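Welcome! Here are some exercises to work through with the structure open beside you, each followed by a worked solution.

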Amino acid sequence: MRLALTRGLEHMHVHRFNPTILREYDIRGVVGDTLGEVDARAIGRAFARLLAERGKRRVAVGYDGRLSSPALAASLVGGLTESGVDVVRIGLGPTPMLYFAAFTLDVDAGIMITGSHNPADYNGFKMVIDKKPFYGPDIQRLGEVAAAGDFLAGAGTVVDRSVSAAYIDRLLRDYDGERPLTIAWDAGNGATGDALVSLTARLPGAHILLNQVIDGTFPAHHPDPTEPKNLVQLQAAVVERRCDLGIAFDGDGDRIGVVDGKGRILWGDQLMVLLAEDIIRTRPGATIIADVKASQVLFDEIGRMGGTPLMWRTGHSLIKTKMAETGAPLAGEMSGHIFFADRYYGYDDALYAAVRLLGVIGRGTTDLASLRDRLPVVVNTPELRFPCSEARKFAAIDEVRARLRQTGAEMSDIDGVRVRTPDGWWLLRASNTQDVLVARAEARDEPGLRRLKALLVKELALSGLTPPPF
Ligand SMILES: [Zn+2]
């Protein structure tokens, strides 16, 4: 069986991926169903071709703690080297450690094998080239190269190079807290585990580690801190152990979840208010980017503090690209991707965001719960996602946008429509990664929120869509 598979691979001339795995920001699928080792090898060969077209040939490769990751990594490296690429294997670790390698080693690109925050049977590939995200048309082109069998033949080299010590040193270099804190951390058995152990061993303060053993079966809970149920264990630890705060990471460490000393969740946009304030203090007028799902409170607060708020499209690759373009020192998404270009590289690194957050709190005289309570109170819906076909989702948004334009509604249309009314705002956008529409609304009070929801439901109905109750 094994032999037959290998023989088949030796005659790889063309390769067709399951079309569902070539997504907007990464390649991702269900292992053994839509994604396998043959695909990993083809990704390596096609990526090698795209690199060669740019006159490049060195790639750093890392992988997360999923059970399928080492085998996918081996196949990927095989595909890269047989097409003439020189590979630097950095081994097991979080995605931002791979980004760190791509930014600091003598390489032209980086590929991370990771299923991020998805269920254990998922896996995928996040890629950077020339220190920029490899996404959108790049990923489609990779699929075309494979389908055409446009592979190069060569004999690349492989070296192993650990960057974990340098990465931890780099994280610690920017810690600027003055008072030690007590912190509960939840790695969710994801790829941040080992890095977290090393980091907390050298950070001041007391550290309570939860689920720090890397285990691709995710025995404690799903490694996705945007789902409140995945933060229950951390919230309990924070309250029981009287911690100043709790910090959680997603499966590959590019998204952060935060809990205050009272055990309350701070969402990505709330966390961003605190981080933005610290940046704007040293960089008055700085552009701070947040995605269209973020609270109006964040944009208003950035302006009030003397910064320049910029609302941008949801998606970590899009945000990173916009940051580079505008020179923004900080960006963040509701989903917990936080990007620091201030003193750092501008990619989403949840461990780095944690270090900077501890600095902000550890230099202040107040605690996270008080900082949270200081924010203006708003009521909002969670992110509502409901199915809508690929064919219909963008057309529906276009119809809604056209109708709203006729009525002269105040709206932003950089990503779907985000409409402002005296009550607050509502958002309707098409997901770039799934066949779903995403809706959200936020108002100053419950009656206002009801009015916004009614407007949203009315617009959907005019386009023949019925959302589930929310
Ligand atoms: Zn992730």
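**Exercise 1.** Does Asp250 count as buried or exposed?

*Solution.* Asp250 has 0% relative accessibility, so Asp250 counts as buried. Here buried means under 20% relative accessible area, exposed means over 50%, and partly exposed lies in between (1.4 Å probe, protein chains only).

Before going on, a word about the source. This is a predicted model, in which local features need pLDDT of at least 70 and side-chain atom pairs count only at pLDDT 80 or more, while totals for chains, interfaces and linings use all residues. Residues are numbered from 1 along each chain as its sequence is written, and side-chain values use heavy atoms, with hydrogens and water left out.

**Exercise 2.** Find the residues that coordinate the zinc ion and describe their arrangement.

*Solution.* 
- Step 1: look for the donors, which are N, O and S atoms within 2.8 Å of the metal (3.2 Å for Na, K and Ca); water is not among the atoms, so sites may look incomplete.
- Step 2: the zinc ion is held by Ser116 through OG and by Asp250, Asp252 and Asp254 through OD, at 2.0 to 2.2 Å.
- Step 3: along the chain, these donors of the zinc ion have the spacing S-x133-D-x1-D-x1-D.
- Step 4: Ser116 sits in the loop between strand S4 (109-113) and strand S5 (122-129), and Asp250 in the loop between strand S10 (245-249) and strand S11 (256-260), so this pair ties together parts that are 134 residues apart in sequence. Helices (H or I, at least four residues) and strands (E, at least two) are DSSP runs, numbered from the N terminus.
- Step 5: the angles subtended by the four donor atoms around the zinc ion are 96 to 153°, which makes the arrangement irregular. For comparison, four donors count as tetrahedral if all angles lie between 85 and 135 degrees; four count as square planar and six as octahedral if opposite donors are over 155 degrees apart and all others between 65 and 115; anything else is irregular.
- Step 6: Ser116 is buried, with a relative accessible area of 3%.

**Exercise 3.** Describe how helix H2 and helix H5 pack.

*Solution.* 
- Step 1: two packed helices are described by the angle between their axes and the distance between the axes. Axes are lines fitted to C-alpha atoms, for helices over the stretch in contact, and angles run from 0 to 180 degrees between N-to-C directions.
- Step 2: helix H2 (residues 37-53) and helix H5 (residues 137-148) have axes 9 Å apart, at an angle of about 110°.
- Step 3: H2 and H5 are therefore roughly perpendicular to each other. Angles under 35 degrees count as roughly parallel, over 145 as roughly antiparallel, 65 to 115 as roughly perpendicular and the rest as oblique.
- Step 4: the residues in contact include Ile43, Phe47 and Leu50 of H2 and Arg141, Leu142 and Val145 of H5. Contact means heavy atoms within 4.5 Å.

**Exercise 4.** Where does Lys131 lie, and what is its phi?

*Solution.* 
- Step 1: most residues other than glycine have a negative phi.
- Step 2: phi of Lys131 is near 65°, a positive value in a residue other than glycine.
- Step 3: Lys131 lies in the loop between S5 and strand S6 (132-133), and at 45% relative accessibility Lys131 counts as partly exposed.

**Exercise 5.** Which residues does Leu67 contact beyond its neighbours within four places in sequence?

*Solution.* 
- Step 1: locate Leu67 in the loop between strand S2 (58-63) and helix H3 (69-81).
- Step 2: Leu67 is exposed, with a relative accessible area of 67%.
- Step 3: leaving those neighbours aside, Leu67 is in contact with Gly216 and Thr217.
- Step 4: Leu67 and Asp215 are 148 residues apart in sequence, and 8.0 Å apart in space from C-alpha to C-alpha.
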